Amino acid sequence: LGRPREHWAELGSTNDRAMAWARAGAPHGAIVTADAQTAGRGRLGRAWASESGEDLYVSAIVRPDAGKPIGALGLAVGVGLREGLAAWLPATQLKWPNDLLAGGRKLAGILCEARWVGSSPEVVVGFGVNVGRALFPGPLADTATSLRRELAAPPDRGEVLARVLPALEAALAAFFAGGFAAIRARYEPHCALRGQAVFVDMSNGAGPKEQARALGLADDGALLVEPPGGGPPRRVESGDVWLA
Ligand code: BTN
């Protein structure tokens with residue numbers, strides 16, 4: 001991953017630019033980076049604060065083989081990103097599905113978007129890593145963090161990208177060879193939710209939050225939760241989860 005590369009001082013969203021570039025035929029491995037985004041997007045229609053000029057905004061074009069299941073690809077991206085960042089922050093945790101937390105605060109986010117060309121998926125793997133910013137606006141002040149806030153001697157963006165891209169590539173290779181089951185053991189020890197009381201929204205942001213206890217991940221990447229009164233585990237396949 002990383003060749004060819006387009007770098008922009010400012011973009012709406014690196015994911016949008018990468019999707020357009022993919023449509024125009026950009027090869028597997030191409031990446032788009034920007035110093036700032038004016039319309040950075042997160043999961044579930046949220047915004048991703050992208051004005052700092054000191055953080056990483058990256059979108060990679062990934063072209064899996066035809067017919068490969070890609071449902072849990074975002075989890076594999078989380079594994080790779082975590083392993084890359086572990087050079088500086090080994091205790092970083094994954095909050096299902098694929099947020100990265102340091103000290104319980106969000107350090108990085110991942111947004112994968114796919115389009116099908118016949119039976120071949122064309123995927124844009126977008127991720128933002130808070131690298132250099134010290135201050136976060138408004139509601140993020142208490143919930144977000146950066147490498148600079150966590151480390152006495154933070155790396156610069158170039159160093160972070162140089163470590164993260166090969167780690168991501170390795171995690172994706174393992175995922176494409178064996179599915180999420182092949183990298184589950186690299187996810188679970190770093191799962192922020194395992195054993196914790198959580199609130200679960202089972203319907204992509206539209207439904208009520210239900211309390212449950214997170215048990216871990218299934219082989220296909222679904223989050224397994226124990227309902228409040230006990231009983232058989234339930235699968236959470238999409239939507240969002242909060243620590244209770
Ligand atoms: C999330 O946590 O909800 C996902 C955030 C993903 C943000 C990255 S920044 C680079 C890429 N371009 C975007 O517009 N979003 C992703």
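This is a predicted model: local features need pLDDT of at least 70, side-chain atom pairs count only at pLDDT 80 or more; totals for chains, interfaces and linings use all residues.
Residues are numbered from 1 along each chain as its sequence is written.

Seven strands form an open sheet with mixed pairing, in the order 1-2-3-7-6-5-4. Strands here are DSSP runs of E with at least two residues, helices are runs of H or I with at least four, and both are numbered from the N terminus; two strands pair if DSSP finds at least two bridges between them. Strand 1 (5-11) and strand 4 (93-95) are the edges, each pairing on one side only. Strand 6 and strand 7 run antiparallel, joined by 10 bridges.

Helix 1 lies across strand 1, strand 2 (31-37), strand 3, strand 6 and strand 7, at about 25° to strand 3. Contact means C-beta atoms, placed from the backbone, within 7 Å; angles run from 0 to 180 degrees between N-to-C directions, with axes fitted as lines to C-alpha atoms, for helices over the stretch in contact.

Finally, look at the ligand. It is surrounded by 20 residues, the closest being Ser-13, Gly-42, Gly-109, Gly-126 and Gly-128; a residue is near a molecule if its C-beta atom, placed from the backbone, lies within 6 Å of it. Helix 1 (14-23), strand 3 (56-62), strand 6 (105-117) and strand 7 (120-129) each give two or more residues to this shell.

Technical notes. Two residues are in contact if their C-beta atoms, placed from the backbone, lie within 7 Å.
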